[in-house]
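Please go through the model below with the text beside it.

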Amino acid sequence: MTRKPSPAAGGYAAARLRLLSEAPHTGAALRARLARITDQWLGGLLGRSTDGVALVAVGGYGRGELSPRSDLDLLLLHDGTAGLPAVAAVADRLWYPVWDLGLCLDHSVRTPAEARKAAAGDLKVHLGLLDARHLAGDPELTAAVRTVAYEDWRAQAPHRLPELRELCEERARRHGELRFLLEPDLKESRGGLRDATALRAVAASWLADAPRDGLEAARTLLLDTRDALHLTTGRASDRLALQEQDQVATARGLSDADALLRQVYEAARTVSYAADVTWREVGRVLRARSGRPRLRRILGGRGGRGGFVEPERVPLAEGVVEQDGEAVLARTARPEHDPLLPLRAAAAAAQAGLPLSRHTVRRLAAAGPLPVPWPAEARDRLVALLGAGEPTVAVWEALEAEGLVARLLPEWEHVRSRPQRNPIHRFTVDRHLVETAVQAAALTRRVHRPDLLLIAALLHDVGKGRPGDHSETGAALAHDVALRIGLGSADAAVVAALVRHHLLLADTATRRDLDDPATVRTVVEAVGSAGTLELLHALTEADALATGPAAWSSWRASLVADLVRRAAAVLEGRPLPAGRDRAEPTAEQRGQAAEAARTGAPVVVLRAGGAGQSEQAGEEPVGVELSMAVPDQPGVLPAAAGVLALHRLTVRSAELRAVDPGVLLLHWRVAAEYGSLPEAARLRNDLVRALDGSLDIAARLAEREAAYARRRRPVHAPPRVVVAREGASRDATVLEVRAQDAPGLLHRLGRVLEAQGVWVRSAHVSTLGASVVDAFYVTGAHGEPLSERDAARLAEAVTRALGEGLSTAQGPGATGPDTLEGD
């Protein structure tokens, strides 16, 4: 039988709706008022005449932090004197009205002894009881449970806190780092509300306390954002999805989604840093409570009265010592009289693999500004900090927490916590720069100027978020920074060049024909010297490795290395070939062409060999060579590309050429998307069927496209097609296509190009995450480059065709900038 909501429930529902519609959308006052009217309603449901029973709010509701769609975490306590039927009746009187209103309820019914036992067996239950708050009934029952919960928590802290830390770390592994996620979970991700609650529990243990500066403000901001998310979506969601960020930003009174994310990231950074400091302190306290220090005190040792043993202090640098696993200032250090001390302490800590103690960082904030230009020692210490590798990250974060980085490098403030909308990026701009320096540190042995490599790594994206091309803007900023930190004008020019061209090698190697002299000429003219080329090669690798798995692979590494070798040869004095040096078909290829001409059917040869063998786990395969000799006829390129797509072969590169008499030779480099490579005979049979029309490639791929569309995210940028100008070929037109990756995309492009009557001489395919950049070298019917007008028409036609073909996959936000801009 359907229950009717009680009049009291109706009154509460109306009051709740009025509050959420009339009050400001977020804020502690709103949460407190919502908790207060909920308290009154639940108290009324329990009634006043109930003896031996108490209704208790726990968890977030216990803290009075009731968001619009939060669960009601309730504990019904009873003293055990009433019979179970009577207690069950009281519970029904409470729970059913909550369910009738459609509110989420997390509830339990226990005696104080049962509550204590449950807390002993379940850490989450114990954490909830630490926030227990009396709502109605017998207050002594609630007070007793709270008292026992805190007594047990403090008594059991030595084994409870490591359990809590492991719980936090496991949650971070599952949900990621909040301040680097494009769709963060405000509650579960590292640096989120769960971690803030854990820090409260640590403080309640009396063993350690979290840094309080900014922590409560950060927690409040995350709660405010969750409130806005609840009201915007109408759901009890903690994940800040892309499609909802603009609305949440508006509800928070912010300009756009990026402004929202920057605020959320800053709050998460504060919580994460507080957690790092706190858990380090917990570890130190627990180690100090172990048997060994007590034994040392009993046996005596250097120190004061009672055999107290002073922690050992090991010198690291002038004014910096190691103490108890941290880098701290020496007693004689005076930051206010030593402006070099912050960099010296940071470099010493990173080189020793130690964290900077929080107290030390706060003292370092008293240091005065460095003279301009910086002294050589200051610059050397910055390079030493950047060259320390992975320990650099924690030390840099500690400096960030007290604003020391922005004091040293004012340009840093503009990239601090700046989100990157490109999904291949793992980090915000500022963290990506630090991670690039970490990766560059491993490459310093192979370059002649490791200092310039590390500085360029730290600054290569410093222009992001500013007007104009971030590489050009960043180059000007980097040049100014280089001069300010004491580099000479020649070195500053090299740093600026590295920043300006940090995308050059990867873009050129993966999107241009390396056999075309114009390709190499572009690189040579840009870098100007072998030394700069060497540094740019290392920076390219470091940047890609710091970006994410989709940005670097053995295949890309081999292409970049090949381009660098060719450019280096020219820079060393060997002449650049005057014309296109395309190798003539081999004897084997001519034999394949002759066979195709004789039989009138395709000849397909797949060379598995060493190139097709598996590489290290997680790496993109270089690919295997696939040759197709096909009698010249319409539709060869789209048919061949479609067959490869049906067999789930990823195309790395493609080259087409006409071979007399009337045969097309297609040379592919492909890799299996997963599983093993198909047999050449199967590829040939399907190619024959595709060419004679018995295999409907378009229909088969459309089926797969429909299946993929149900799983893929919406497209957030439309396709873009441009005619390349920089480094363009002398004897072909280079058409660059950027689009969302999809099954059979190369097949679709081939159909469009063929319909436009152009000849595709070669194709170069690059996939970055869910996006592709394909470069096609095309000519007219007689092998000549297209006129500027015809090239523009071709680009327009391809753009229009792709837009029509991909329109069903595009979401409502598909009007933003190209997702690959500014990689």
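In this predicted model, helix 10 passes helix 12 in a left-handed crossing. Helix 10 covers residues 215-233 and helix 12 covers residues 257-288. Two packed helices are described by the angle between their axes and the distance between the axes. Here the axes come within 9 Å and cross at roughly 135 degrees. An angle over 145 degrees would count as roughly antiparallel and one of 65 to 115 as roughly perpendicular; helix 10 and helix 12 are therefore oblique to each other.

Which residues of helix 10 and helix 12 meet? From helix 10 come Leu 215, Ala 218, Leu 221, Leu 222 and Thr 225. On the side of helix 12 they meet Leu 260, Gln 263, Val 264, Ala 267, Thr 270, Val 271 and Ala 274. Sorted by class, this contact has nine nonpolar residues, three polar ones and no charged ones.

The side chain of Arg 284 meets that of Glu 326, with 3.4 Å from N to O. Arg 284 is in helix 12 and Glu 326 is in strand 7 (residues 326-329), so the pair ties together parts that are 42 residues apart in sequence. Are these two residues buried or exposed? Glu 326 has a relative accessible area of 8% and is therefore buried, the cut-off for buried being under 20%. Arg 284, at 17% relative accessibility, also counts as buried.

A second salt bridge joins Arg 116 and Asp 152, whose closest N and O atoms are 2.7 Å apart. Arg 116 counts as partly exposed because its relative accessibility is 44%, whereas Asp 152 is buried, with a relative accessible area of 12%.

Arg 171 and Glu 188 form another salt bridge, in which the closest N and O atoms are 3.9 Å apart.

How many salt bridges does the structure hold? The count is 59.

Next, a single residue. Leu 745 lies in helix 32 (residues 745-755). With a relative accessible area of 4%, Leu 745 is buried. Apart from its neighbours within four places in sequence, Leu 745 is in contact with Ala 739, Gln 740, Val 772 and Leu 802. The C-alpha atom of Leu 745 is separated by 8.7 Å from that of Ala 641, a residue 104 positions away along the chain.

Finally, the whole chain. The protein has 33 helices and 15 strands. Of its 823 residues, 53% count as buried. Among the contacts with a separation of 6 or more, 71% are between residues 24 or more positions apart.

Definitions and conventions:
Residues numbered from 1 in each chain as written. Predicted model: local features only at pLDDT ≥ 70, side-chain atom pairs only at ≥ 80, totals over all residues. Heavy atoms only, no water. Axes fitted to C-alpha atoms, helices over the stretch in contact; angles between N-to-C directions. Helix = DSSP H or I, 4+ residues; strand = E, 2+ residues; numbered from the N terminus. Parallel < 35°, antiparallel > 145°, perpendicular 65-115°, else oblique. Left-handed = near helix turned anticlockwise from the far one by under 90°. Contact = heavy atoms within 4.5 Å. Nonpolar A, V, L, I, M, F, W, Y, C, P; charged D, E, K, R; others polar. Buried < 20%, exposed > 50% of the residue type's maximum accessible area, 1.4 Å probe, protein only. Salt bridge = Lys/Arg side-chain N within 4 Å of Asp/Glu carboxyl O.
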